[in-house]
Amino acid sequence: MAITSANQLELLQTAEAVAREKMIDPALVIEAMEESLARAAKSRYGAEMDIRVSIDRKTGRATFTRVRTVVEEEELENYQAEFTVAQAKQYMDDPQIGDTFVEEVPPVDMGRIAAQSAKQVILQKVREAERDRQYEEFKDRAGTIINGLVKREEYGNVIVDVGAGEAVLRRNEKIGRESYRPNDRIRCYVKDVRREVRGPQIFLSRTAPEFMAELFKMEVPEIYDGIIEIKAVARDPGSRAKIAVISYDGGIDPVGACVGMRGSRVQAVVNELQGEKIDIIPWNEDLPTFLVNALQPAEVSKVVLDEDAERIEVVVPEEQLSLAIGRRGQNVRLASQLTALDIDIMTEEEESARRQAEFEERTKLFMDTLDLDEFFAQLLVSEGFTNLEEVAYVELDELLVIDGVDEGTAEELQTRAREFLEEQARKALERARELGAEDSLIEFDGLTPQMVEALAEDGIKTLEDFATCADWELAGGWTTVDGERVKDDGLLEKFDVDLAEAQNLVMTARIILGWVDPDELAAAEAEGEEGEDETEEETV
């Protein structure tokens with residue numbers, strides 16, 4: 001096929017037709033044609049030549065040119081596309097390194113193989129342009145609901161026609177055992193849009209918690225308008241779900257608005273989710289109160305929150321235990337997801353037995369260390385004393401409120417407690433020195449002899465060793481392994497050292513050693529506080 005005046009306009013017409021069909025820019029099709037013609041010309045004139053083709057956007061005339069670049073003599077590699085300054089002088093007046101010499105060459109006659117190759121180049125370019133268009137169209141739709149038609153099912157995955165492309169609903173993103181036939185209408189949540197080699201991949205989901213949140217936004221105008229906010233969603237897809245909502249208008253009940261007249265709004269969501277039962281819960285900033293709401297319909301007697309460990313203990317009556325846990329642990333599992341806390345549920349009898357065991361343990365501690373009889377030790381525990389430090393260093397008046405304790409008895413109690421603690425500290429210090437603890441660590445303010453002993457047992461014997469520790473190594477923490485929260489014990493955790501205190505101790509050690517400039521640290525902290533304030537203002 002020769003590029004003649006007879007088919008010049010046909011090039012433009014073909015480009016326009018392809019662009020309309022694929023909904024892409026006609027210029028991209030013409031660029032593909034230029035590249036394909038250049039490739040065909042190279043097969044005719046030589047692959048080493050730099051042949052370029054330019055198609056006039058008005059007339060369709062294709063101009064073939066050969067380009068040669070001026071290079072240093074020692075860098076000359078491709079004699080067909082490059083030449084030296086001396087060689088260029090016969091074509092150019094004053095050639096400089098980097099200049100190009102362009103000359104027009106005759107159009108080529110494309111044989112069958114060259115024409116086929118050109119067609120493949122054009123198709124490839126068109127496909128790439130189509131993929132780019134699809135990606136640009138769908139990348140901003142991630143996090144929204146989309147309607148589509150089922151095209152086919154492949155190995156349990158559903159291929160969905162979403163208008164300008166295809167999306168995938170994977171087997172594990174379907175609710176329960178739901179199945180679809182070709183041309184069934186389907187509504188899904190756009191979970192992710194990724195640009196991949198084979199084109200944009202649109203991943204759908206019907207099990208994502210966000211899918212339920214978006215459905216409620218469609219059914220409840222107050223959520224769409226921002227009067228009601230969905231704070232958290234937890235789902236067991238196809239079975240049960242919990243959704244926490246809050247109203248910013250005192251006159252609107254968030255739960256009632258989501259339920260709707262005679263349950264019409266929530267029922268529309270339930271129908272879309274294949275009958276999934278939904279508990280709508282009022283959100284509360286107070287975590288224990290929120291958890292009590294989240295465990296509905298079970299009644300809760302008592303809640304004990306450990307914010308550092310992100311755990312919460314819930315006490316329920318014996319008859320409410322199975323209801324609180326739910327079928328196969330479903331109710332407590334969803335409540336845990338909703339509150340982002342690990343929940344331990346126990347009956348009132350179990351909690352009473354545990355409290356009794358703690359009472360007996362503390363009673364025995366005071367009997368053994370302070371040489372008290374059982375009755376007197378029980379009096380101390382009943383008044384809220386839990387350890388020797390509290391007895392030794394509490395204000396004297398707090399001991400005098402105990403029945404039968406006069407000033408002399410209180411002073412004797414404190415003397416015994418202090419002597420015992422001092423003896424324990426002396427033994428710990430001796431043990432720490434035996435283990436090799438150096439004075440730099442022993443004399444560091446903030447560490448007790450027992451702490452130094454615990455550190456030395458773990459090989460931390462100098463202030464330099466201590467300064468290299470991470471705060472969580474000292475205070476402990478929680479990590480998630482295979483979806484399960486695992487406790488990391490801290491070296492100083494048994495001494496009630498929290499993360500903030502551990503961080504402060506380590507940073508102080510680094511300042512003493514000169515590893516950290518205190519002025520720079522103070523400036524960084526001030527800058528961080530300003531950033532937090534700005535974030536709070538934006539949030540408000």
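The lining of the largest pocket draws at least two residues from each of the helices α12, α14 (388-393), α16 and α18. In this predicted model, the largest pocket holds about 640 Å³ of space, and of the 19 residues that line it, Asn-387, Glu-389, Leu-421, Lys-494 and Phe-495 are the closest to its centre. Helix α16 gives the most to this lining, with 5 residues. Sorted by class, the lining of the largest pocket consists of 9 nonpolar, 6 polar and 4 charged residues.

In α18, which spans residues 449-457, the residues Met-451, Val-452, Glu-453, Ala-454, Leu-455 and Ala-456 are buried. The buried residues of this helix pack against α16 (407-434), α17 (439-442), α19 (463-467) and α20 (471-475), and α18 is followed by Gly-459, whose phi is positive, near 90°. Helix α12, which covers residues 348-370, contains Glu-351. Glu-351 counts as buried because its relative accessible area is 6%, where the cut-off for burial is under 20%. When neighbours within four places in sequence are left aside, Glu-351 is in contact with Lys-302, Val-315 and Met-346.

Elsewhere in the chain, the largest nonpolar core comprises 25 residues, of which Met-212, Phe-216, Ile-230, Ile-243, Leu-273, Ile-278 and Ile-280 touch the most other members. Two or more residues of this core come from each of α5 (209-219), β10 (228-236), β11 (240-247), α7 (254-259), α8 (264-272) and β12 (277-282), and the largest share, 5 residues, is provided by α5. For Phe-216, the residues touched, not counting those up to four places away in sequence, are Ile-223, Ile-230, Ile-243, Cys-258, Val-266, Val-269, Ile-278 and Ile-280.

Taken as a whole, the chain has 22 helices and 17 strands, and 39% of its 540 residues count as buried. Among the contacts between residues at least 6 apart in sequence, 53% join residues at least 24 apart. The chain exposes about 31,400 Å², and carbon and sulfur atoms supply 46% of this area.

Terms used
Residues are numbered from 1 along each chain as its sequence is written. This is a predicted model: local features need pLDDT of at least 70, side-chain atom pairs count only at pLDDT 80 or more; totals for chains, interfaces and linings use all residues. Side-chain values use heavy atoms; hydrogens and water are left out. Buried means under 20% relative accessible area, exposed over 50%, partly exposed in between (1.4 Å probe, protein chains only). Helices (H or I, at least four residues) and strands (E, at least two) are DSSP runs, numbered from the N terminus. Contact means heavy atoms within 4.5 Å. On a 1 Å grid over the protein atoms alone, a cavity is a set of points where a 1.4 Å probe fits but cannot get out, and a pocket is an open set with protein on both sides within 12 Å along at least five of seven lines; lining residues have an atom within 4 Å of a point. Grid points are joined across faces, edges and corners, and a volume is the space filled by probe spheres set on the points. Ala, Val, Leu, Ile, Met, Phe, Trp, Tyr, Cys and Pro count as nonpolar, Asp, Glu, Lys and Arg as charged, and the others, Gly among them, as polar. Accessible areas come from the Shrake-Rupley method with a 1.4 Å probe; for residues, only the protein chains shown count as cover. A nonpolar core is a set of buried Ala, Val, Leu, Ile, Met, Phe, Trp, Tyr and Cys residues joined through side-chain atoms within 4.5 Å.
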